[in-house]
Amino acid sequence: MSLTYNDWAEAVRDGELVGLECDDCGNVTGAPKAACTDCGSRSLSRVSLPVEGTVYSETTVAVAPEGLEGGYRVGVVEVGETRVLGRLDDEAEIGDEVEFLDVFEKDGEPAPVFGSK
């Protein structure tokens, strides 16, 4: 079963994190892909991802794209066997356990928001 961006976005809006698992090598990704990032296989299956994880990296976006206010934080969160990019609340730091708390949406484009447990 494929996972389109629209499928992924709808799942995030519903409070679920989804990704793809390669049927050939077992690699898991946290975003829609046409092929496995490890082996190149196109045999991928949709999987649910944990909503809790650990902050792997983070940064503050001081100069935001047009239409957004600067000073927001983003990070990469390890959830299960993969990593997901999202916004971070003000408390979360590298190594902290976090959970998917909310959805930030701008112009119809959702992003998961992670915060301290």
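D107 is found in the loop between strands β7 (97-106) and β8 (109-116). The model is predicted, so local features need pLDDT of at least 70 and side-chain atom pairs count only at pLDDT 80 or more, while totals for chains, interfaces and linings use all residues. Residues are numbered from 1 along each chain as its sequence is written, and side-chain values use heavy atoms, with hydrogens and water left out. Helices (H or I, at least four residues) and strands (E, at least two) are DSSP runs, numbered from the N terminus.

Exposed means over 50% relative accessible area, buried means under 20%, and partly exposed lies in between (1.4 Å probe, protein chains only). The backbone of D107 also stands out. Most residues other than glycine have a negative phi. D107 has a positive phi of about 55°, although it is not a glycine. In sequence, D107 and G67 are 40 residues apart. In space, the C-alpha atoms of D107 and G67 are 9.6 Å apart.

Salt bridges were searched for across the whole structure, and 5 were found. A salt bridge is a side-chain nitrogen of Lys or Arg within 4 Å of a carboxyl oxygen of Asp or Glu. One of them links E10 and R13, at 3.6 Å from N to O. Both residues lie in helix α1 (residues 5-13). They are 3 residues apart, about one turn of the helix. E10 counts as partly exposed because its relative accessibility is 40%. R13 is partly exposed too, with a relative accessible area of 34%.

R13 has a further partner. It forms a salt bridge with E105, and the closest N and O atoms are 3.0 Å apart. R13 lies in helix α1 and E105 in strand β7, so the pair ties together parts that are 92 residues apart in sequence. E105 is partly exposed, with a relative accessible area of 39%.

Another salt bridge joins E78 and R83, with the closest N and O atoms 3.2 Å apart. E78 counts as partly exposed, at 30% relative accessibility. R83 is also partly exposed, at 41%. Salt bridges that share partners join E10, R13 and E105 into one network.

Strands of a sheet pair through backbone hydrogen bonds, either parallel or antiparallel. Here, two strands pair if DSSP finds at least two bridges between them. An open sheet is formed by 3 strands in the order β2-β1-β3, with antiparallel pairing. Strands β2 and β3 (44-49) stand at the edges, each with a single partner strand, so one side of each is left without a neighbour in the sheet. Strands β1 and β2 are joined by 2 bridges. The bridge partner of L20 in β2 is T29.

Strand β5 (residues 72-79) pairs with β6 in the antiparallel sense over 7 bridges. Within this pairing, V74 stands opposite R87 in β6. The two strands form a hairpin with 2 residues between them. In the turn, G80 has a positive phi of about 65°. Strand β6 (residues 82-88) is mostly covered, as 5 of its 7 residues are buried. On pairing with β8, β6 runs in the parallel sense, over 2 bridges. There, L88 has F114 in β8 as its bridge partner.

E21, D23, D24 and E81 form a negative surface patch. Patches are made of residues with over 30% relative accessible area and no salt bridge; like charges are joined within 9 Å, and nonpolar side chains (Val, Leu, Ile, Met, Phe, Trp, Tyr) within 5 Å. Asp and Glu count as negative and Lys and Arg as positive, while His and the chain ends are not counted. The place of a charge is taken as NZ of Lys, CZ of Arg, CG of Asp or CD of Glu. Accessible areas come from the Shrake-Rupley method with a 1.4 Å probe, and for residues only the protein chains shown count as cover. D24 counts as exposed because its relative accessibility is 58%.
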